[in-house]
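Colleague: Please take me through one part of this model in close detail, starting with a loop residue and working out to the helix packing. Keep it brisk, and give me the cut-offs as you go.

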Amino acid sequence: MEKLKAAHKTKLAAQADELLSRSSKPGSLSTSSSSVSLHKMAPSHRGMTYEIIERQLEVGDDGLTPLPSKWAETDKNAGLEISADGQDVKFVGPSKTLDHEAASTRSDNPMPAQCGIYYYEVSIISKGKEGMIGVGFSGASASLEKLPGWEPDSWAYHGDDGKSFCAATPGKPYGPTFTSGDVIGCGVNFMKGCAFFTKNGVFQGNAFRDLRDVRIYPSVGMKRPHAHLSVNFGQRPFMFDIDRMVSREKQGILDEINAANVSNLHPTLNKDELCKALVAQYLSHDGYVETARAFAHEIRAEATALRGTHDVKLEGYLSVEEDHDAMNRQQIRTAILDGDIDKAIKLTNTFYPHVLQENPQIYFKLRCRKFIEMMRQSTDFLDNSTSKQTKSITTNGHSTAVSDDGFEPDMDLDEPITTKDGGQHNGDDWDRMDTEEAVGGDNWGLKYQTLLEVIIRYGQELKHEFKDDRSKHVTETFTDIFSMFSYPDPRKSPQGKLLESEQRVPVAEGLNSAILVSLGKSSSTALERLYKQTVVLVDMISEDGGPGSFINVRNLLQSSRKSWQR
């Protein structure tokens, strides 16, 4: 670290010496506008005021990205010539004859998103032949062999036809054409994710939208000889009143804040009552109806004893809804937690016919969970057989001890497989998983082999059902669950944790949330949202105080989360 610091100081000293030597030369930019002699103009129509220096700016101690200050000599097409001060650019190469061939350049620094709104202007000194000029912005990966907007990761307003071009898509009519003597402004509103242009100080409207998480540079391009542009990155007053636009944006944000209703941020319940209300609403929301009812009864009894009266009214979330919907969701949740996926699908299609059709990702998870439950059953079969230790057979390439006793599966193997639309597969022997009936005897090896065959056929049917879905999630899920076949004991495979009963909980919660959304209710509880907001708040605070200062708070939150999940 010491060596790095010493090298950095040496580099800064060399740059300072170079700047000083250049400032003594006649006509040097530093002579007329160095950090010593540059006149700081009033902020009228300037946007951001800063001093020009002849070196690459670095990110300051405040973490702010440096502003664009000139066209980058190292980031331009060979057919362009940039002036000594970096403000002017001319087309000096041969005329570009191909339709989409041109020459472009970018600024030395990207537009800092911290500005909220960034704006710059370009004066058209000479349009050249045909006036094929583009003004806009682009990412660092965009080609400099075409006009901005004709390449992916670039956007621009073109002067010859007045169209706006976005990331190589066909141009759209946008504004008037522009020519020699015009001043074209380009602005990006990072808060709203949109971009706009001006002509001679007149706002032309938003040209592009959905600009999110972009790192973009001011960029211009031209196609014909004698084209000459001059840029204003804030060194001179702007023709467009950008300060007024920024003020309006600020005022709009303030008005929105002032109009917000904060009355609900101050709950009428005290801390103890609020905590109990959050727990009661969580229980009712997630389908634990009986538990929620017992909890509310206990709170009512406690309040009655403390207040000495039987007339106790529970406020807020403590009014548990004892309706058919909650009971139905509880039945579905219980079926999933018991590993009976077919029953859960059947109940869902009965009570909420459109939920699985409108949420194919939930249906996919249920079907895959059915496969996992079948694999889990095969491991239970192995446990049951090895406990007897009577003889060994080889099944699926692995040696397993078996017993002469019968096998009673935990899952109802006679239940037909239920599809999303509520239909059932009938007539195929692999749909029926009653191994006792399939083999008719007490041979454990044949029963286990039959069970594996049934699982394989179910997996084939499952993969065929989703053969048209080539999304990454579906592909990776199939790889994970089918890989368990490669291990003598699936529980010892890398995906063995899927067989744990705790893995049923996310599936049950996902289906429960989908049902609630279909009913127009919130998919999450107030307690869950409060927990997530608290975690974010702790993360934000700990950035200044250090993670160690909040280690106890984090542990408390983690233990609390485990408690209310149980």
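Modeller: Ala168 counts as partly exposed because its relative accessibility is 42%. The scale is simple: buried is under 20% relative accessible area, exposed is over 50%, and partly exposed is in between (1.4 Å probe, protein chains only). This is a predicted model, so local features need pLDDT of at least 70 and side-chain atom pairs count only at pLDDT 80 or more, while totals for chains, interfaces and linings use all residues. Residues are numbered from 1 along each chain as its sequence is written, and side-chain values use heavy atoms, with hydrogens and water left out.

Back to the loop. Ala168 sits between β8 (163-166) and β9 (172-173). Strands here are DSSP runs of E, at least two residues; helices are runs of H or I, at least four residues; both are numbered from the N terminus. The backbone of Ala168 deserves a look: phi is positive, about 70°, although the residue is not a glycine. Most residues other than glycine have a negative phi.

Asp213 is a second case. Its phi is also positive, about 55°, and it is not a glycine either. Asp213 lies in the loop between β12 and β13 (217-222). Its relative accessible area is 84%, so Asp213 is exposed.

Now step into β12 itself. Strand β12 covers residues 202-208 and holds Gln204. Gln204 has 21% relative accessibility and therefore counts as partly exposed. Contact means heavy atoms within 4.5 Å. Not counting residues up to four places away in sequence, Gln204 touches Tyr174, Gly175, Pro176, Phe197, Thr198 and Lys199. Take Gly175 from that list. Gly175 and Gln204 are 29 residues apart along the chain, and their C-alpha atoms are separated by 6.4 Å.

His228 belongs to strand β14 (residues 228-232). At 15% relative accessibility, His228 is buried. Its contacts, leaving out residues up to four places away, are Asp88, Val89, Lys90, Ser123, Ile124, Ile125 and Ser126. Glu81 is 147 residues from His228 in sequence, with 9.5 Å from C-alpha to C-alpha.

Cysteines next. A disulfide is a pair of cysteine sulfur atoms within 2.5 Å. By that rule the count is 0 disulfides. Cys166 is partly exposed, at 29% relative accessibility. Cys194 is buried, at 6%.

On the helical side, Thr477 lies in α12 (residues 472-482). Thr477 is buried, with 16% relative accessibility. Neighbours within four places in sequence aside, Thr477 is in contact with Phe364 and Cys368.

Two packed helices are described by the angle between their axes and the distance between the axes. Axes are lines fitted to C-alpha atoms, for helices over the stretch in contact; angles run from 0 to 180 degrees between N-to-C directions. Angles under 35 degrees count as roughly parallel, over 145 as roughly antiparallel, 65 to 115 as roughly perpendicular and the rest as oblique.

Helix α6 (residues 324-337) and helix α13 (residues 504-518) have axes that come within 9 Å and cross at roughly 160°. The two are therefore roughly antiparallel. The crossing of α6 past α13 is right-handed. Handedness reads as follows: left-handed if the near helix is turned anticlockwise from the far one by less than a right angle, right-handed if clockwise. From α6, the contact uses Arg329, Ile332, Arg333, Ile336 and Leu337; residues of α13 in it include Val505, Ala508, Leu511 and Ile515. By class, this contact has 9 nonpolar, 1 polar and 4 charged residues. Nonpolar covers Ala, Val, Leu, Ile, Met, Phe, Trp, Tyr, Cys and Pro; charged covers Asp, Glu, Lys and Arg; the others, Gly among them, are polar.

The other partner of interest is helix α7 (residues 341-351), with axes of α6 and α7 coming within 7 Å and crossing at roughly 160°. That makes α6 roughly antiparallel to α7. Here α6 passes α7 in a left-handed crossing. The α6 residues are Asn328, Gln331, Ile332, Ala335 and Ile336, and they meet Ile341, Lys343, Ala344, Leu347, Thr348 and Phe351 of α7. The classes come to 7 nonpolar, 3 polar and 1 charged.

For context, the chain has 15 helices and 16 strands. Of its 566 residues, 42% count as buried. Among contacts between residues at least 6 apart in sequence, 63% join residues at least 24 apart.
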